[in-house]
Amino acid sequence: MSISEGEELIGKILWGTCEEDETYRFSPGSYISTSKIEKIFPNKRLIITASGSCYNVIGSGDVAQVQLKDFQLLRHGFSPK
């Protein structure tokens, strides 16, 4: 998901639901909104964020964009839809 302020791209995050979490921070089915994406390894389906977290993704996902002013809603579990 792209985070923008007006027309300016601020960064990209991963937003989705948890299937499994080896760190036990998230329970299955919980919404997850990550810190800024730093690296994407498409062939491995792996995303690394600015906080150093690693996420294995399932499926192709959807592309979405949200304005920075609405970003906190995602952090509180609201859907971008």
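**Figure 1. Arg-45 in the loop between β5 and β6.** Arg-45 is placed in the loop that connects β5 and β6 of this predicted model. Its phi is positive, at about 55°, although the residue is not a glycine. Most residues other than glycine have a negative phi. With a relative accessibility of 39%, Arg-45 counts as partly exposed, because this value falls between the limits of 20% for buried and 50% for exposed residues. Arg-45 is also one of the residues touched by Asn-56, when residues up to four places away in sequence are not counted.

**Figure 2. Asn-56 in strand β7.** Asn-56 belongs to strand β7. The residue is exposed, and its relative accessible area is 64%. Beyond residues up to four places away in sequence, Asn-56 touches Arg-45 and Leu-46. Of these two partners, Arg-45 is found in the loop between β5 and β6. A separation of 54 residues in sequence lies between Asn-56 and Ser-2, and their C-alpha atoms are 19 Å apart in space.

**Figure 3. Tyr-24 in the loop between β3 and β4.** The loop between β3 and β4 holds Tyr-24. Tyr-24 is not a glycine, yet it has a positive phi of about 65°. The residue is exposed, with 75% relative accessible area, so it lies over the 50% limit that defines this class.

Figure 4. Ser-33 is part of strand β4. At a relative accessible area of 15%, Ser-33 is buried, because the limit for this class is under 20%. Leaving aside residues up to four places away in sequence, Ser-33 touches Ile-13, Leu-14, Trp-15, Phe-71, Leu-74 and Arg-75. Among these partners, Leu-14 and Trp-15 are listed with the residues nearest the centre of the largest pocket.

**Figure 5. The largest pocket and its lining.** The volume of the largest pocket is about 1,400 Å³. Its lining consists of 41 residues, and those nearest the centre are Leu-14, Trp-15, Ile-47, Val-57 and Ile-58. Two or more lining residues are contributed by each of the elements β3 (15-17), β4 (31-33), β5 (37-41), β6 (46-49) and β7 (54-56). By residue type, the lining comprises 21 nonpolar, eleven polar and nine charged residues.

**Figure 6. The second largest pocket, with contributions from β4 and α1.** The second largest pocket has a volume of about 190 Å³. It is lined by 14 residues, of which Phe-26, Ile-32, Ser-33, Thr-34 and Arg-75 are the closest to its centre. The elements giving two or more residues to this lining are β4 and α1 (71-75). The largest share, three residues, is supplied by β4. Five of the lining residues are nonpolar, seven are polar and two are charged.

**Figure 7. Gln-72 in helix α1.** Helix α1 contains Gln-72. This residue counts as partly exposed, at 47% relative accessibility. Gln-72 and Tyr-31 are separated by 41 residues in sequence, and the distance between their C-alpha atoms is 13 Å.

**Figure 8. The whole chain as context for the close-up views.** The predicted model has one helix and eight strands. Along the sequence, these elements follow the pattern β-β-β-β-β-β-β-β-α. The radius of gyration is 12 Å, close to the 12 Å given by the globule rule for 81 residues, so the protein is as compact as a globular protein of that length. Taken along the principal axes, the C-alpha atoms fill a box of roughly 35 × 25 × 25 Å. Buried residues make up 27% of the 81 residues. Of the contacts between residues at least 6 apart in sequence, 35% join residues at least 24 apart. The accessible surface of the protein is about 6,200 Å², and 51% of this area belongs to carbon and sulfur atoms.

Technical notes
Residues are numbered from 1 along each chain as its sequence is written. This is a predicted model: local features need pLDDT of at least 70, side-chain atom pairs count only at pLDDT 80 or more; totals for chains, interfaces and linings use all residues. Side-chain values use heavy atoms; hydrogens and water are left out. On a 1 Å grid over the protein atoms alone, a cavity is a set of points where a 1.4 Å probe fits but cannot get out, and a pocket is an open set with protein on both sides within 12 Å along at least five of seven lines; lining residues have an atom within 4 Å of a point. Grid points are joined across faces, edges and corners, and a volume is the space filled by probe spheres set on the points. Helices (H or I, at least four residues) and strands (E, at least two) are DSSP runs, numbered from the N terminus. Ala, Val, Leu, Ile, Met, Phe, Trp, Tyr, Cys and Pro count as nonpolar, Asp, Glu, Lys and Arg as charged, and the others, Gly among them, as polar. The radius of gyration is taken over C-alpha atoms; the globule rule is 2.2 Å times the number of residues to the power 0.38. Buried means under 20% relative accessible area, exposed over 50%, partly exposed in between (1.4 Å probe, protein chains only). Contact means heavy atoms within 4.5 Å. Accessible areas come from the Shrake-Rupley method with a 1.4 Å probe; for residues, only the protein chains shown count as cover.
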